[in-house]
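Colleague: I am new to reading protein models. Could you walk me through one?

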Amino acid sequence: MELKITCIPGDGIGPEIVAEAKKVLNRVAEVYGHKMLFTDILMGGASIDVHGVPLTDEAIATAKAADAVLMGSIGGDTTTSPWYKLPPNLRPEAGLLAIRKALNLFANLRPAVLYDELAGACPLKEEISAAGFDMMIMRELTGGLYFGERKTVEENGVRKAIDTLTYDENEIRRIAIKGFDIAMKRRKKVTSVDKANVLDSSRLWRKVVEEVAENYPEVTLEHMLVDNCAMQLVKDPAQFDVILTENMFGDILSDEASMVTGSIGMLASASLNDSKFGLYEPSHGSAPDIAGKDIANPIATVLSASMMLRYSFDLDKEADAIDAAVKQVLKDGYRTGDIMPSGSDNMGCEKVGCSRMGDLLAERIQ
Ligand code: NAD
């Protein structure tokens, strides 16, 4: 199969971690007989330095012409970088918002996985973390409270702020379909999270999710109120497979879920549109404090590449091979600095740099 992939190395550690993800993808291509056609585009600070804007129309056109986009990260040190002296619409992050809009990415996926070998980094009690967890938070990205009408008025000398939370059934249906499709590739359980005891938008959410569920008889659907979900994530995270939720609830719950893994350098993410197209990137930022030192952890980006193979190309076997290589490299005791155990003997682990970690992962692709 020929895979047309646009890469956005971006800023900070972005170019280093994307290089390692490409290394692993090239190894997948070699082992499984595919052809990877990579085209790089500039975005964020790297684009500002060359073109004066964080994303050009040409770069958007290149991204649109591909089957999927793999990104590192964009942005610099927000207090010292000259990029942050520019007006907001010309700063690095404006590029990210522009590409998400141009590609119509409405579904955000953030897996939260606890690896046995990294259980020590999990802030939960041992009796909870011992069960492990592997969940996918599926968040609606373009509707709800963050995109509703808002205004601040003054009535009788009292200031009043109004935000509106709107969802129509089409917006709910398309994300629900994505959620159920993804559950079909996993353990076939969807927990739909809402606040249906209070909000009309949640009551419509629940109805439409139930309608969509009728087309997926193999998938178990449960509903959970958002406040309960926030508790259950720290009480019994092993119960979750796919958590399907609206924009603001997903924003909060996905951060909570990623924090319970305890390892920022391991967290992948994806944003999808209503075709197979997606933008895949690590959940972390561009880590300007460690850029150019060959010490960044490339695993979140490599796992994002695995998601790309699974969700944009339906190459599940190849994605499984990448996921297995990550597990194996951890089992073999290799760690980048951010996931290195503390203690005098380092628990028998060997510290490696970004590029060596990429080599070790690529070697384990079978
Ligand atoms: P950050 O995620 O870049 O860094 C937070 C801490 O985690 C730092 O100590 C960093 O060294 C460490 N870290 C992050 N990724 C790591 C990795 N792969 N390996 C090892 N250590 C890692 O967050 P920040 O410092 O708040 O943001 C830095 C820049 O990144 C800012 O300009 C911010 O706007 C940008 N940012 C971009 C994205 C994106 O491109 N989607 C997301 C978040 C932040």
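Predicted model: local features only at pLDDT ≥ 70, side-chain atom pairs only at ≥ 80, totals over all residues.

Colleague: What is the order of the strands in the open sheet?

Modeller: Start with the general idea. Strands of a sheet pair through backbone hydrogen bonds, either parallel or antiparallel. Here 10 strands form an open sheet with mixed pairing. The order is β2-β1-β3-β12-β11-β4-β5-β10-β8-β9. β2 (35-40) and β9 (220-225) stand at the edges. Each has a single partner strand, so one side of each is left without a neighbour in the sheet. From one strand to the next, the twist averages 25 degrees.

Colleague: How many bridges join β11 to β12?

Modeller: Five, and the two strands run antiparallel. β11 covers residues 268-272, and β12 covers residues 278-282. Find Ser269: opposite stands Glu281 in β12.

Colleague: Which strands does helix α1 touch?

Modeller: Helix α1 (residues 14-32) packs on the sheet and touches β1, β2, β3 and β12. Its direction makes about 165 degrees with that of β1. Helix α10 (residues 299-311) also packs on the sheet. Its contacts include β4, β5 and β11. The direction of α10 makes about 160 degrees with that of β12.

Colleague: Where is Asn156 found, and what is its phi?

Modeller: Most residues other than glycine have a negative phi. Asn156 has a positive one, near 50 degrees. Look in the loop between β6 and β7. Asn156 is exposed, with a relative accessible area of 82%. Lys188 also has a positive phi, about 60 degrees. Lys188 sits in the loop between α6 and β8. With a relative accessible area of 27%, Lys188 is partly exposed.

Terms used:
Residues numbered from 1 in each chain as written. Heavy atoms only, no water. Pairing = 2+ DSSP bridges. Helix = DSSP H or I, 4+ residues; strand = E, 2+ residues; numbered from the N terminus. Axes fitted to C-alpha atoms, helices over the stretch in contact; angles between N-to-C directions. Contact = heavy atoms within 4.5 Å. Buried < 20%, exposed > 50% of the residue type's maximum accessible area, 1.4 Å probe, protein only.
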